[in-house]
Amino acid sequence: MSHPAARALGGLALAGAGALAWASLVEVRWYALREVTVPVLPAGQDPLRILHLSDLHLTPGQQRKVDWVRDLASLRPDLVVDTGDNWAHLDAMPALLHALEPHLGTPGAFVWGSNDFFAPSPKNPARYLLPDARTAPERPPVELPWRELGRRLTSAGWVDLTNRRGEVKAGGRRVSLVGTDDAHLDRDRFPAAGGPEDVRPARVVDDAGVTRADGGDVDLHLGVTHAPYRRVLEAMLADDADLVLAGHTHGGQLGVPGYGALVTNCDLDRGRAKGLHGWPGPRPDARGGADSTWLHVSGGLGTSPYAPVRFACRPEATLLTLVPA
């Protein structure tokens, strides 16, 4: 092999080693707070602040992550929404409850992700490049104490939206919610409309032909799910959700600078792997977005303990400030 070719290969190997070291030692612990503004409230209302937590995948010993999540309470949000995959170890309950403890005095709501039910096991990471990354487990999964976690959260006043509807009072507003169980495990069953928990805001058509909340007793209708599969998003759109919150994707976890996420681990397109978007079309405040709802997908704060890397995709939580449309 010629010296230039050998030098080129050596340079590639060195760059690859450096990227792996960055992804596994630095970026995976480089937590970021994202802040976005969503013009979705009825006219004349004060802002409403929602802290969106997702995909902590917490294991014992992750004290820096615990401290960072606890410190988010200093933001003083009006509402906390947790979109699942909270832990990744049978002994993570004490650390998780310690991380969430400062937030439990704030109105909140939650749904489950697949990793809330079962502890992760080693898998071939290349499966994420398949059209459907779900595989049959090679051994019986270890069930996590998710029922006990649910009791702890609901006893603190948080609303369990597992295939349910609910309501919270946050920031002086009445907020209706609809949620599903984890669609990645096909546990989602969209709750029927019209029941006693269905308190969605009434709708009117404004002068521009756009349907909006009428500013009645219920000010906002939120959809909450872990995995943003298209069938769930379509159901929430049909349910007149003003804003849908989801996680699961890890923002792609491994990104390519200038290109973005390679995968979403569901049937959502890569362009919506994280951040604030419209669904199914452009953002509702953009041209052609009148028939869309708002969608926020969190890139999440963790990873599987068997794939502890992030590249061009920092772990994150998001503070959404809702303002009048």
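Over which residues does pLDDT stay under 50, with 6 contacts beyond four places in sequence? That stretch is residues 207–211, where pLDDT is the predictor's confidence in each residue, from 0 to 100, and contact means heavy atoms within 4.5 Å. This is a predicted model, in which local features need pLDDT of at least 70 and side-chain atom pairs count only at pLDDT 80 or more, while totals for chains, interfaces and linings use all residues. Residues are numbered from 1 along each chain as its sequence is written, and side-chain values use heavy atoms, leaving out hydrogens and water.

For the protein, the mean pLDDT is 88, with 82% of residues at 70 or more. Residues 8–16 have pLDDT below 50, and this stretch has 1 contact in the model beyond near neighbours in sequence.

Let's turn to the sheet. It is open, with 6 strands in the order β1-β16-β2-β3-β4-β5 and mixed pairing. Strands (E, at least two residues) and helices (H or I, at least four) are DSSP runs, numbered from the N terminus; two strands pair if DSSP finds at least two bridges between them. The edges are β1 (32–41) and β5 (159–160), each pairing on one side only. β1 runs parallel to β16 (residues 316–324), joined by 9 bridges; Thr37 has Thr321 in β16 as its bridge partner.

Now for a pair of helices. The axes of α3 (residues 93–100) and α5 (residues 146–155) come within 12 Å and cross at roughly 20°; axes are lines fitted to C-alpha atoms, for helices over the stretch in contact, with angles from 0 to 180 degrees between N-to-C directions. That makes α3 roughly parallel to α5, as angles under 35 degrees count as roughly parallel. Met93, Leu96, Leu97 and Leu100 in α3 meet Glu148, Leu149, Arg152 and Leu153 in α5.

Notes. Angles under 35 degrees count as roughly parallel, over 145 as roughly antiparallel, 65 to 115 as roughly perpendicular and the rest as oblique.
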